[in-house]
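Subject: Structure handover

Hello,

Please find the structure below, followed by notes on what was found in it.

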Amino acid sequence: ISVLEEKLVYGYHLFSLGGMFKEGSYKSPYTRKEFSKELIEYVNNLYEIEIKKEENNSPQHSQETYEEKTASRIFNFFHKCYLITGTFVDEQWFIDLDRKSLANFYIGMEDLWNYRANLTTQMKEKYIPSNVLPTIFNKIADMKSYKYNKLQMQNIILDDFEKFINYPKDEDKNTTIMWILTVFVDISPVAQMNLPQLVQPY
């Protein structure tokens, strides 16, 4: 869906925008201005139509549904990052990553979590419960060997990264999200260009 805002045209994925409206968020992530009532009503109606289509479980629709759910999941993740930290990240930057960059994102975050941040097990448990720790970054070997397709890799990354939003206490979420974004600018030139304040000197 293309939307004209302040003389610029922005593109949105229907499921991302519809999901955002469903959560009661009606401000543009680009301009922070509220969308018009007409646009909100149009998107809500279209969104409901597409949701009903998902009830059709035929093979013709299954792959499309998985892609749409992944796109919505990506948007929701980075939208939450923005709401918590105030740092805007366009989900398209993540969507545009190829398999090599996705693997590097996952590997880079694992390296930060297990080595670069110098976290002891006790320190890690401040952010992630002890029973969940073994489930994080347990697909390193498979990611390094590019075992999965791009869509699967995106979901594997989100499986782990969402834990850094869902489990930490509110006052610790900013720290864990900034870890993720710091690694993101390492592997994404467009993120590095738009978030120069997160670039780390090595």
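Helix H8 covers residues 150-161, which makes 12 residues. From its first C-alpha to its last it reaches 16 Å, close to the 16 Å expected at 1.5 Å a residue; the expected span is 1.5 Å times one less than the number of residues. Helices here are DSSP runs of H or I with at least four residues, strands are runs of E with at least two, and both are numbered from the N terminus.

The model is predicted: local features need pLDDT of at least 70, side-chain atom pairs count only at pLDDT 80 or more, and totals for chains, interfaces and linings use all residues. Residues are numbered from 1 along each chain as its sequence is written, and side-chain values use heavy atoms, with hydrogens and water left out.

Because nine of its 12 residues are buried, H8 is largely enclosed by the rest of the structure. Buried means under 20% relative accessible area, exposed means over 50%, and partly exposed is in between (1.4 Å probe, protein chains only). The buried residues of H8 include Leu 151, Met 153, Ile 156, Ile 157 and Leu 158, and also Gln 154, Asn 155 and Asp 160. The N-terminal end of H8 is capped by Asn 149, with a side-chain oxygen 3.1 Å from the backbone nitrogen of Leu 151.

That contact and the next one are polar contacts, meaning a pair of N or O atoms within 3.5 Å; within protein, one must be able to donate a hydrogen and the other to accept it, and residues adjacent in sequence count only if both atoms are side-chain atoms. Asp 90 sits in the loop between helix H3 (59-85) and helix H4 (91-95). Its side chain reaches the backbone nitrogen of Gln 92 at 2.9 Å. Asp 90 counts as buried because its relative accessibility is 12%.

On to the aromatic rings. Rings of Phe, Tyr and Trp (its six-membered ring) pair if their centres lie within 6.5 Å; planes under 30 degrees apart count as stacked, over 60 as edge-to-face and the rest as tilted. By this rule there are 15 aromatic pairs. One of them is the tilted pair of Phe 78 and Phe 94, at 5.6 Å centre to centre and 50° between the planes. This pair links distant parts of the chain, since Phe 78 is in helix H3 and Phe 94 is in helix H4, 16 residues apart. Both Phe 78 and Phe 94 are buried. Tyr 82 and Phe 88 form an edge-to-face pair, with 6.1 Å between centres and 85° between the planes. Tyr 82 counts as buried at 16% relative accessibility, whereas Phe 88 counts as partly exposed at 25%. Ring pairs also link Phe 77, Phe 78, Phe 94, Phe 105, Phe 161 and Phe 184 into a cluster.

Next, the open and closed spaces. Both were found on a 1 Å grid over the protein atoms alone: a cavity is a set of points where a 1.4 Å probe fits but cannot get out, and a pocket is an open set with protein on both sides within 12 Å along at least five of seven lines; lining residues have an atom within 4 Å of a point. Grid points are joined across faces, edges and corners, and a volume is the space filled by probe spheres set on the points.

The largest pocket holds about 190 Å³. Its lining has 16 residues, of which His 13, Ala 71, Ile 74, Gln 92 and Ile 95 lie nearest the centre. H3, H4 and H8 are the elements that give two or more residues to this lining, and H3 has the largest share with four. By class, the pocket lining has six nonpolar, six polar and four charged residues. Ala, Val, Leu, Ile, Met, Phe, Trp, Tyr, Cys and Pro count as nonpolar, Asp, Glu, Lys and Arg as charged, and the others, Gly among them, as polar.

There is one cavity of 30 Å³ or more, and the largest cavity has a volume of about 50 Å³. It is lined by Pro 29, Phe 75, Phe 78, His 79, Tyr 82, Phe 88, Val 89 and Glu 91. H3 gives the most to the cavity lining, with four residues.

Lastly, the backbone. Phe 137 has a positive phi of about 55° although it is not a glycine. Phe 137 lies in the loop between helix H6 (121-124) and helix H7 (140-144) and counts as buried at 6% relative accessibility. Tyr 146 also has a positive phi of about 55°; Tyr 146 is in the loop between H7 and H8 and is partly exposed at 34%.

Regards
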